[in-house]
Amino acid sequence: MIVKGMERKEDEFYELHIAGLTRQLQKFSVSDNLDIAAFILFGDVELAECCARDLLKKVPEFDYIVTPEAKSIPLAYEMSKQSGKKYIVARKGVKVYMDNPVKASVRSITTQKEQVLYLGHEDGDLLTGKRVLIVDDVISTGESLKAVEELVKKFGGNIVASCAPLAEGESAERDDIIYLEKLPLFFK
């Protein structure tokens, strides 16, 4: 049912073609002059499976996946399932089960405020001397990647690559990330 006044205009969506699939991404305003298209893996099992499959074809050998909480967790899970490698989540808050957590700060385009990522020794110590693949859902400013990289390095992990299904805006010009498709920014 569509409520009068709640109809969505066609220009409020971006049609994305990725990993053999097509999705309509809703656009959202992040400032007075900029919209982004929301790429949400939560609940879209087919999208997570297909993106994981195609990214695994492009990434180098790795021992562990590390991903920031939260939107990239379905992708990290599926890449873990398909590769047989463990994934670790850098958490947004300290949990009671975390052994002496280490932190790194991040400010991403979608969060719009500084947040902190944490990794406890129960997971972080597993990374020492291991090949680590950093996985995110969208690489935009690269700030989330920097925070995860900082955490991995604090535990002595060897980062072999950073990847995501999408590189947004200028990040698509980077040669130090692996991604499947470009995602434009929408300037007003």
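**Entry 1: terms and helix α4**

A helix, as I use the word here, is a DSSP run of H or I of at least four residues, and helices are numbered from the N terminus. I note at the outset that the model is predicted.

I looked up helix α4, which covers residues 143-154. Glu-143 and Lys-146 both lie in this helix, three residues apart, which is about one turn. Their side chains meet in a salt bridge, at 3.2 Å from N to O. Glu-143 counts as partly exposed, at 26% relative accessibility. Lys-146 is also partly exposed, with a relative accessible area of 49%.

I then turned to Glu-150 and Lys-154, which form a salt bridge with their closest N and O atoms 3.1 Å apart. Being four residues apart in helix α4, Glu-150 and Lys-154 are separated by about one helical turn. An α-helix has 3.6 residues a turn, so residues three or four places apart point the same way. Glu-150 is partly exposed at 35% relative accessibility, and Lys-154 is partly exposed at 46%.

How many salt bridges does the structure hold? I record twelve. One of them joins Arg-131 to Asp-63, with the closest N and O atoms 2.8 Å apart. This pair links distant parts of the chain: Arg-131 belongs to strand β8 and Asp-63 to the loop between α1 and β4, 68 residues away. Arg-131 is partly exposed at 31% relative accessibility, and Asp-63 is partly exposed at 21%.

**Entry 2: strand β4**

I next asked whether strand β4, residues 64-68, is largely enclosed or open. Five of its five residues are buried, so the rest of the structure largely encloses the strand. The cut-off behind this reading is a relative accessible area under 20%. In a regular strand the side chains alternate between the two faces of the sheet. I checked both faces of β4 and found them covered: Tyr-64, Val-66 and Pro-68 are buried on one side, Ile-65 and Thr-67 on the other.

Which strands pair with β4? Strand β5, residues 86-90, pairs with β4 in the parallel sense over five bridges. Here Pro-68 stands opposite Ala-90. Strand β8, residues 131-135, also pairs with β4 in the parallel sense, over three bridges. In that pairing Ile-65 stands opposite Leu-133.

**Entry 3: helix α2**

I followed the chain from β4 through helix α2, residues 73-83, to β5, and these three elements make a right-handed β-α-β unit. In α2 I list Pro-74, Leu-75, Ala-76, Glu-78, Met-79 and Ser-80 as buried. The cover over the buried residues of α2 includes α1 (45-58), β4, β5, β8 and β10 (158-168). After the helix comes Gly-84, with a positive phi near 80 degrees.

I also looked at Leu-56, which has its place in helix α1. Leu-56 is partly exposed, with a relative accessible area of 22%. Leaving aside neighbours within four places in sequence, I find Leu-56 in contact with Phe-62, Met-79, Gln-82 and Ser-83. Leu-56 and Ser-80 are 24 residues apart in sequence, and their C-alpha atoms are 9.8 Å apart in space.

**Entry 4: aromatic pairs**

I looked up the aromatic pairs and count two. Tyr-14 and Phe-186 form a tilted pair, 5.5 Å from centre to centre, with 55 degrees between the planes. Tyr-14 lies in strand β1 (residues 13-18) and Phe-186 in strand β12 (residues 186-187), so the pair ties together parts that are 172 residues apart in sequence.

Tyr-77 lies in helix α2 and Tyr-87 in strand β5, so the pair ties together parts ten residues apart in sequence. Tyr-77 is partly exposed, with a relative accessible area of 43%, and Tyr-87 is partly exposed, with 26%.

Returning to Phe-186, I note that Lys-27 lies over the face of its ring, at 4.1 Å from the ring centre.

Definitions and conventions
Residues are numbered from 1 along each chain as its sequence is written. This is a predicted model: local features need pLDDT of at least 70, side-chain atom pairs count only at pLDDT 80 or more; totals for chains, interfaces and linings use all residues. Side-chain values use heavy atoms; hydrogens and water are left out. Buried means under 20% relative accessible area, exposed over 50%, partly exposed in between (1.4 Å probe, protein chains only). Helices (H or I, at least four residues) and strands (E, at least two) are DSSP runs, numbered from the N terminus. Two strands pair if DSSP finds at least two bridges between them. A crossover is right-handed if, with the strands pointing away from the viewer, the path from the first strand over the helix to the second runs clockwise. Contact means heavy atoms within 4.5 Å. Rings of Phe, Tyr and Trp (its six-membered ring) pair if their centres lie within 6.5 Å; planes under 30 degrees apart count as stacked, over 60 as edge-to-face and the rest as tilted. A charge sits over a ring if NZ of Lys or CZ of Arg is within 6 Å of the ring centre and within 35 degrees of the ring normal. A salt bridge is a side-chain nitrogen of Lys or Arg within 4 Å of a carboxyl oxygen of Asp or Glu.
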